[in-house]
Amino acid sequence: MTALGIPPVPVPLPRDVAAAVAAAGARLGLFADRIQWFSEVTSTNDIVTTLAEAGNGEGVVVAADAQNAGRGRFGRDWASPHGAGIYASVLLRPPAAALRLVTIAAGVALVDGIRAATGLTLQLKWPNDLVADGGPGARKVAGILAEGGATPEGSPWVVLGFGINVLSAALPREVGLRASSLEQELGRPVDRGLVFAECLAALAGRYRQLQEGAMAPVVADWRVRAAATLGRAVEWNDGARRQGVAEDVDEHGSLIVRSDSGTVRIISGEVRWL
């Protein structure tokens, strides 16, 4: 729905996106010829969730020039001003064994896609952030939101949303204090269409690994791309506020933390990096 409650209508792919998608061709894998573009939506995740519940096959991609109710984890707002970034969601129907690694695989894919398109290497921060560097105060450039459900028969589906800040000038001031953008980090213009296409192509490849049962290489590659954030102190709450040092992720994508009381495995929830 739009802000007025009217169902949005797809528009032609923007020229920059259409050119990059055409050049990517078969590398887009299951996403090839499945992209729907909108001028403005409430949230791309909302639209793909509706498609998932209606029984659409995996590989559907919904992207928009703007979101008026974009969100991140725990319902936090995700600033999505018109033309300032990439706001997209895809529908996946992964094997049950791969469910918990979808966000991990997506993080690796976005780092690889952004690097291929721009030359910029971002760092991963568990569970779903791409940051400009791994140190304290690192500003967020992109994020991932995975939301799921199941068919009446019990088969799982995942709506995987991602937002990438491309233009720095368009970010609201309060967001700009804690976030960055590709153009701000690079100091030059960025081809939004190329970033979008390369991220989709990388995601198609990483998702194929999960489908084929190649979980270990995906986790190993995540560790490499998160090397600057692992080893940092973190804080979390499991009924009481606790602190420790983030050391690793396990084979299921859980964060392994060393604390005074021993090793803790954090599967989900809020983690604050110190």
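Student: Which residues does L255 contact, leaving aside its neighbours within four places in sequence?
Tutor: This is a predicted model, so keep that in mind as we go. In it, L255 touches W126, L230, A246, D248, V249, V264, R265, I266, V271 and W273, once neighbours within four places in sequence are set aside.

Student: And how should I think about a nonpolar core?
Tutor: Start with the general idea: in soluble globular proteins, nonpolar side chains tend to be buried together. Here the largest nonpolar core has 68 residues, and L182, F196 and L255 have the most contacts inside it. Helix α6 (residues 192–211) gives the largest share of this core, with 11 residues. Another core, of 12 residues, lies apart from it, and V48, V62, A64 and L91 are among its members.

Student: How do I describe a pair of aromatic rings?
Tutor: You use two things, the distance of the centres and the angle of the planes. This structure holds 1 aromatic pair. The ring centres of W37 and F196 are 5.5 Å apart and their planes are at 80°, so we call the pair edge-to-face.

Student: Where in the chain do W37 and F196 sit?
Tutor: W37 is in strand β1 and F196 is in helix α6, so to speak two distant parts of the chain, 159 residues apart, linked by the pair.

Student: Are W37 and F196 buried or exposed?
Tutor: Both W37 and F196 are buried.

Student: Now the strands, please. Which way does β1 run against β2?
Tutor: Strand β1 (residues 35–41) pairs with β2 in the parallel sense, over 6 bridges. One spot to look at is E40, which stands opposite A66 in β2. Together with helix α2 (residues 44–53), β1 and β2 make a right-handed β-α-β unit.

Student: What about β2 and β3, parallel or antiparallel?
Tutor: Antiparallel: β2 and strand β3 (residues 85–92) pair over 4 bridges. There, V62 has S89 in β3 as its bridge partner. As for β2 itself (residues 61–67), 7 of its 7 residues are buried, so the rest of the structure largely encloses it.

Student: Last one: how can I check the length of a helix?
Tutor: Compare the expected span with the distance between the end C-alpha atoms. For helix α3 (residues 102–118), 17 residues at 1.5 Å a residue should span 24 Å, and the end C-alpha atoms are 24 Å apart, which agrees. Helix α3 is also mostly covered, with 14 of its 17 residues buried. After α3 comes G119, whose phi is positive, near 85°.

Terms used
Residues are numbered from 1 along each chain as its sequence is written. This is a predicted model: local features need pLDDT of at least 70, side-chain atom pairs count only at pLDDT 80 or more; totals for chains, interfaces and linings use all residues. Side-chain values use heavy atoms; hydrogens and water are left out. Buried means under 20% relative accessible area, exposed over 50%, partly exposed in between (1.4 Å probe, protein chains only). Two strands pair if DSSP finds at least two bridges between them. A crossover is right-handed if, with the strands pointing away from the viewer, the path from the first strand over the helix to the second runs clockwise. A nonpolar core is a set of buried Ala, Val, Leu, Ile, Met, Phe, Trp, Tyr and Cys residues joined through side-chain atoms within 4.5 Å. Contact means heavy atoms within 4.5 Å. Rings of Phe, Tyr and Trp (its six-membered ring) pair if their centres lie within 6.5 Å; planes under 30 degrees apart count as stacked, over 60 as edge-to-face and the rest as tilted. The expected span of a helix is 1.5 Å times one less than its number of residues.
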